[in-house]
Amino acid sequence: MFEEGQLYAPVTADEDGKATVHLADDHPGANDPEYRRRRNEIAAPALAWRPGDPVPRVAYTDSENEIWRTVCRELAPKHERLAIRGFLEGKEALGLPTDHVPQLDEVSAGLGPLSDFRLHPAAGLVPLDVFYGSLADGVFHSTQYLRHPSQPLYTPEPDIIHEVVGHCNLLANPAIAEVKRRAGEAARRCETPEGLQYVADVFWFTIEFGVMYEGGELRAYGAGLLSSYGEIEEFRGADIRPVDFHAMATLEYDISHYQPILFACDGMGELTDRVGGFFAEFDDDTPARLARDAALTR
């Protein structure tokens, strides 16, 4: 089952406020002392940040800006060929820089007039209820670190490229941003961990790894696909299934590999109306009802 915590390196702070990012042994930067130091340096202000404070800015290095440039350059033609129109329209409207890493407050300034969303800094993992619930308020929690320079086209965890290139270009489209906002409202209504996880799993197979038939072609709208140099080229080879919320929330799979099963919306209308409607109507009784419905159709 999908567990969001597996995607992030845990971050802790000692009694003096010193932040430590705990990278997994197989992380590309696990044995790089300078990368580990840099991750701790970037995490500390985000960990200490509180709503109402100025969003901490990061003085990105030449190496970090080069990673951003590399990924933007490599993803641009893939987006034109494989992304949905709504993403491309949002990307054009937001106009992110391609030559340097933008600051979170700069991205927020661009998103505000488009969808009334803004970014809050995240040192690492944000609890599920906080991450999803904040979407109801037009808040997206974004990391600020970049992937290891040895693998600029791969990251085992959501870095600022995933958050900003993947999610924020989607948030620049008001219709897609509204679906995310409804997901946040669904999370806020949940009173059980099981209900919240159900919302998170459907979000995973839609907003994170959703695909869509558009103009007779299968295209990507999930942020995880749109920010992945490799997986965006492979999604058309997956087992493509129609949208099925119960299946999305109960499917077992390995998050460390390209997703073998994806669920496709039939056009933007199914995303905004059906997926958005699912989140708009969701409550803690929804999983049991959908399970009963699924049993009756076997």
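Asp 116 lies in the loop that joins helix 4 (104-115) to strand 3 (118-121), where helices (H or I, at least four residues) and strands (E, at least two) are DSSP runs numbered from the N terminus. Its phi is near 65 degrees, a positive value in a residue other than glycine. Most residues other than glycine have a negative phi. Asp 116 is exposed, with a relative accessible area of 53%; here buried means under 20% relative accessible area, exposed over 50%, and partly exposed in between, with a 1.4 Å probe and protein chains only.

The structure is a predicted model, in which local features need pLDDT of at least 70 and side-chain atom pairs count only at pLDDT 80 or more, while totals for chains, interfaces and linings use all residues. Residues are numbered from 1 along each chain as its sequence is written, and side-chain values use heavy atoms, with hydrogens and water left out.

How many of the 12 residues of helix 6 are buried? The count is 12 of the 12, so helix 6 is largely enclosed by the rest of the structure. The buried residues include His 162, Glu 163, His 167 and Asn 169, together with Ile 160, Val 164 and Leu 171. Helix 3 (residues 85-94) and helix 6 (residues 160-171) pack at an angle of about 95 degrees, with their axes 7 Å apart; axes are lines fitted to C-alpha atoms, for helices over the stretch in contact, and angles run from 0 to 180 degrees between N-to-C directions. The two helices, helix 3 and helix 6, are therefore roughly perpendicular to each other, given that angles under 35 degrees count as roughly parallel, over 145 as roughly antiparallel, 65 to 115 as roughly perpendicular and the rest as oblique.

In this pairing, Phe 87, Gly 90, Lys 91 and Leu 94 of helix 3 meet Val 165, Gly 166, Cys 168, Asn 169 and Leu 170 of helix 6, with contact meaning heavy atoms within 4.5 Å. The residues of this contact divide into 5 nonpolar, 3 polar and 1 charged, where Ala, Val, Leu, Ile, Met, Phe, Trp, Tyr, Cys and Pro count as nonpolar, Asp, Glu, Lys and Arg as charged, and the others, Gly among them, as polar.

A search of the whole structure finds 0 disulfides, a disulfide being a pair of cysteine sulfur atoms within 2.5 Å. Cys 265 is likewise buried, with a relative accessible area of 0%.

Helix 1 (residues 33-48) has 16 residues and reaches 23 Å from its first C-alpha to its last, close to the 22 Å expected at 1.5 Å a residue; the expected span is 1.5 Å times one less than the number of residues. Tyr 35, Arg 38, Arg 39, Ile 42, Ala 43 and Ala 46 are buried in helix 1, and what covers the buried residues includes strand 1 (11-13), strand 2 (19-21), helix 2 (62-82) and strand 3.

For helix 11 (residues 268-281), the 14 residues should span 20 Å, and the end C-alpha atoms are 19 Å apart, which agrees. Its buried residues are Glu 270, Leu 271, Thr 272, Val 275, Gly 276, Gly 277, Phe 278 and Phe 279. They pack against helix 7 (174-189), helix 8 (193-208), strand 5 (211-214), helix 10 (245-250), strand 8 (261-266) and helix 12 (286-296).

**Individual residues and C-alpha separations**

Ser 134 is found in helix 5 (residues 128-135) and is buried, with a relative accessible area of 11%. Not counting residues up to four places away in sequence, Ser 134 touches Asp 129, Val 139, His 141 and Arg 188. His 100, by contrast, lies in the loop between helix 3 and helix 4 and counts as partly exposed at 33% relative accessibility. Leaving aside its neighbours within four places in sequence, His 100 is in contact with Asn 65, Trp 68 and Arg 69.

Leu 296, in helix 12, counts as exposed at 72% relative accessibility, and Pro 51, in the loop between helix 1 and helix 2, counts as exposed at 63%.

| Residue pair | Separation in sequence | C-alpha to C-alpha distance |
|---|---|---|
| Ser 134 and Val 107 | 27 residues | 17 Å |
| His 100 and Arg 298 | 198 residues | 52 Å |
| Leu 296 and Glu 217 | 79 residues | 33 Å |
| Pro 51 and Pro 121 | 70 residues | 9.6 Å |
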